[in-house]
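Here is a short briefing for a first look. Please keep the sequence and the 3D view open while you read.

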Amino acid sequence: MTQIADRLTKVHCQIAAAAKAAQRQSQAIRLLAVSKTRQADELRQAWACGQQEFGENYLQEALDKIEALTDLNIGWHFIGPIQSNKTRPIAENFDWVHSVDRFKVAQRLNDQRPAGMPPLNICLQVNISKEASKSGVLPADLPTLAAKVAALKNIRLRGLMAIPASNDDPEQQRKPFAQMNDLLKSLQQQLPDQPLDTLSMGMSDDMDAAILEGATIVRIGTALFGPRDYSSQLQQS
Ligand SMILES: *Cc1c(COP(=O)(O)O)cnc(C)c1O
């Protein structure tokens with residue numbers, strides 16, 4: 001408990017310091033706790049320390065935790081790769097999806113969002129480093145995809161998400177994040193009626209650079225929960 005509490009405090013301090021360096025308000029940056037491979041109990045501890053939003057990558061693992069934690073009013077974010085035949089439980093159980101990178105997935109999430117629930121918040125994932133192995137829409141294809149997604153009624157297009165190629169140099173880390181910021185600005189001009197207020201970028205090793213370039217959600221796992229033990233990982237789906 002105290003370990004999660006300490007780490008959470010540290011991460012909040014780091015966010016505040018980076019925000020100050022960027023001359024931004026620290027309240028403009030939301031902390032998403034990335035809880036893949038963590039037990040429901042650890043999320044409960046983080047919740048007790050004030051953390052309210054959690055990000056999950058693997059659907060079945062996430063659904064188990066959502067069920068175990070229904071007594072908490074958690075905001076659930078899906079941040080992992082999406083198979084188009086698995087969209088229904090995502091549409092039914094999450095508040096946000098950060099990893100939409102093709103229209104078919106957006107359309108299915110839209111169609112499967114239950115009536116009576118608020119629209120699903122969506123970020124489009126951009127393959128900003130143009131890596132062949134990574135998911136995400138290429139920057140050149142973003143305007144077309146965004147225009148189509150923006151027309152879906154049960155979806156709120158909130159912004160963009162990226163996982164840049166890793167780089168140890170803090171100055172180099174800023175470049176892809178700055179490109180993301182430019183992409184969001186041009187989308188805001190292209191689609192002035194959309195609530196495009198979100199840049200989901202920055203993880204444990206590059207959150208300072210992301211905040212300097214305008215991140216509004218940082219997705220933090222290791223710095224909050226410690227190193228992940230993949231050998232004990234629950235079944236992925
Ligand atoms: C695992 C993961 C994170 C968190 O990474 P850390 O380095 O542990 O902070 C953030 N975003 C996505 C999409 C992830 O899969």
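Predicted model: local features only at pLDDT ≥ 70, side-chain atom pairs only at ≥ 80, totals over all residues.

Residues are numbered from 1 along each chain as its sequence is written, and side-chain values use heavy atoms, with hydrogens and water left out. Helices (H or I, at least four residues) and strands (E, at least two) are DSSP runs, numbered from the N terminus.

**The largest pocket**

- Rolling a probe the size of a water molecule over the atoms shows where empty space is left.
- The largest pocket has a volume of about 780 Å³.
- Its lining counts 37 residues, and K134, I163, P164, M203 and R219 are the closest to the pocket centre.
- Two or more lining residues come from each of α7 (170-190) and β8 (217-220).
- The biggest contribution to the lining is that of α7, with 5 residues.
- By type, the lining holds 14 nonpolar, 13 polar and 10 charged residues.
- A pocket here is an open set of points on a 1 Å grid over the protein atoms alone, where a 1.4 Å probe fits, with protein on both sides within 12 Å along at least five of seven lines; lining residues have an atom within 4 Å of a point.
- The volume is the space filled by probe spheres set on the points, which are joined across faces, edges and corners.
- Ala, Val, Leu, Ile, Met, Phe, Trp, Tyr, Cys and Pro count as nonpolar, Asp, Glu, Lys and Arg as charged, and the others, Gly among them, as polar.

**Nonpolar cores**

- A nonpolar core is a set of buried Ala, Val, Leu, Ile, Met, Phe, Trp, Tyr and Cys residues joined through side-chain atoms within 4.5 Å.
- Buried means under 20% relative accessible area, exposed over 50%, and partly exposed in between (1.4 Å probe, protein chains only).
- The largest core has 64 residues, and L109, L124 and L160 touch the most other members.
- Helix α1 (residues 2-21) supplies the largest share of this core, 6 residues.
- A second, separate core has 7 residues, including L32, I79, W96 and M161.
- Beyond four places in sequence, L109 is in contact (heavy atoms within 4.5 Å) with several residues, among them T87, I90, L120 and I155.

- Strand β1 (residues 30-34) is largely enclosed by the rest of the structure, because 4 of its 5 residues are buried.
- Strands pair if DSSP finds at least two bridges between them.
- β1 pairs with β8 in the parallel sense over 4 bridges, and A33 has I220 as its bridge partner in β8.
- β1 also pairs with strand β2 (residues 53-56) in the parallel sense, over 2 bridges; in β2, A33 has F54 as its bridge partner.

**Loop residues**

- Most residues other than glycine have a negative phi.
- T37 sits in the loop between β1 and α2 (40-48), and its phi is positive, near 70°.
- T37 counts as buried, at 9% relative accessibility.
- K130 is in the loop between β5 and α6 and has a positive phi of about 50°.
- K130 counts as exposed, at 60% relative accessibility.
- L138 lies in the loop between β5 (120-126) and α6 (142-150) and is partly exposed at 37% relative accessibility.
- Beyond four places in sequence, L138 touches N127 and K130.
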